[in-house]
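Please read it alongside the sequence and coordinates shown here.

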Amino acid sequence: MTQALRQQLIDTALAMNASGVNQGASGNLSVRCENGMLITPSGMDYADVSVDDIVRMDFDGSSQGRRKPSSEWQFHAAIYQQREEAQAVLHAHPVNCAALACLGKGIPAFHYMVAVAGGRDIRCADYATFGSPELSENVLIALKGRKACLMAHHGLTCFDKDLSSALALAVEVEHLAAVYCRILAIGEAEVLSDDEMYRVLENFSTYGIQDS
Ligand SMILES: [Zn+2]
């Protein structure tokens with residue numbers, strides 16, 4: 001079971017790089033397991049990672065395995081501890097998300113799909129040094145009522161109910177960021193009203209559920 005989950009983590013990390021959401025070893029990915037999480041190792045090319053390189057961690061930071069965990073494990077642990085629904089956490093520095101985050105900008109409701117992250121906007125977490133407790137706090141604040149946020153001068157973090165959903169969410173948020181960057185270059189976006197975004201969120205909650 002754990003071996004299969006470890007392989008799924010590697011496969012999703014490789015898919016994350018193939019999708020263009022992540023470059024090299026700057027991103028990291030984790031999945032909840034019994035009493036803790038499995039996380040990608042620090043600074044390794046995912047193509048070279050085998051199941052035994054995946055690090056098993058408790059949320060207090062103690063780890064088992066032959067590799068050091070990603071240096072950004074703290075906010076992964078913080079998310080699992082605060083958000084029961086989080087089963088997989090993805091962090092990366094995708095170009096368009098990072099560009100907006102370096103301006104301290106989140107993503108407003110310029111497009112209805114912004115609701116994919118769970119709210120009427122996608123916030124940008126305040127800056128703090130990578131690996132610091134302050135960064136975990138800032139990310140949790142920006143994720144309130146959401147499953148994705150940008151991180152000032154840094155990148156993107158999101159979570160979902162499983163690894164493939166977390167990757168799909170990251171791809172969608174990076175696409176929205178790309179469109180928003182394009183808009184900022186040529187004009188100003190009108191933002192959808194809160195009422196409309198709540199209608200979209202309501203529709204999303206039943207989307208894909210068949211009547212029979
Ligand atoms: Zn990072």
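The model is predicted. In it, Tyr80 has a relative accessibility of 2% and therefore counts as buried. The points below begin with the aromatic pairs, then turn to the zinc site and the cysteines.

**Aromatic pairs**

- Three aromatic pairs are found when the whole structure is searched.
- One of them joins Phe59 and Tyr80, whose rings are stacked at 5.8 Å centre to centre, with 25° between the planes.
- Phe59 belongs to the loop between β3 (55–57) and β4 (63–64), whereas Tyr80 belongs to helix α2 (residues 73–82), so this pair ties together parts that are 21 residues apart in sequence.
- Phe110 and Tyr180 also form a pair; because their ring centres are 5.3 Å apart and their planes lie at 20°, the pair is stacked, given that planes under 30 degrees apart count as stacked.
- This pair links distant parts of the chain, with Phe110 in the loop between α3 (95–102) and β6 (124–125) and Tyr180 in helix α5 (residues 163–186), 70 residues apart.
- Phe110 is buried at a relative accessible area of 12%, and Tyr180 is buried at 10%.

**Zinc site**

- Glu72 (OE), Glu72 (OE), His91 (NE2), His93 (NE2) and His154 (NE2) coordinate the zinc ion, at 2.0 to 2.6 Å.
- Along the chain, the donors of the zinc ion follow the spacing E-x18-H-x1-H-x60-H.
- His93 is in the loop between β5 (88–92) and α3, and His154 is in the loop between β7 (148–151) and β8 (155–160), so the two tie together parts that are 61 residues apart in sequence.
- His93 counts as partly exposed, at 25% relative accessibility, whereas His154 counts as buried, at 12%.

**Cysteines**

- Zero disulfides are found in a search of the whole structure.
- Cys124 is in no disulfide, and its nearest cysteine sulfur belongs to Cys149, 7.7 Å away.
- From the side of Cys149, the closest cysteine sulfur is that of Cys124, and the 7.7 Å between them is too far for a bond, because a disulfide requires sulfur atoms within 2.5 Å.
- Cys124 is buried, with a relative accessible area of 18%; Cys149 is buried as well, with a relative accessible area of 0%.

Technical notes: Residues numbered from 1 in each chain as written. Predicted model: local features only at pLDDT ≥ 70, side-chain atom pairs only at ≥ 80, totals over all residues. Heavy atoms only, no water. Phe/Tyr/Trp six-rings, centres within 6.5 Å; stacked < 30°, edge-to-face > 60°. Helix = DSSP H or I, 4+ residues; strand = E, 2+ residues; numbered from the N terminus. Buried < 20%, exposed > 50% of the residue type's maximum accessible area, 1.4 Å probe, protein only. Donors = N, O, S within 2.8 Å, 3.2 Å for Na, K, Ca; no water.
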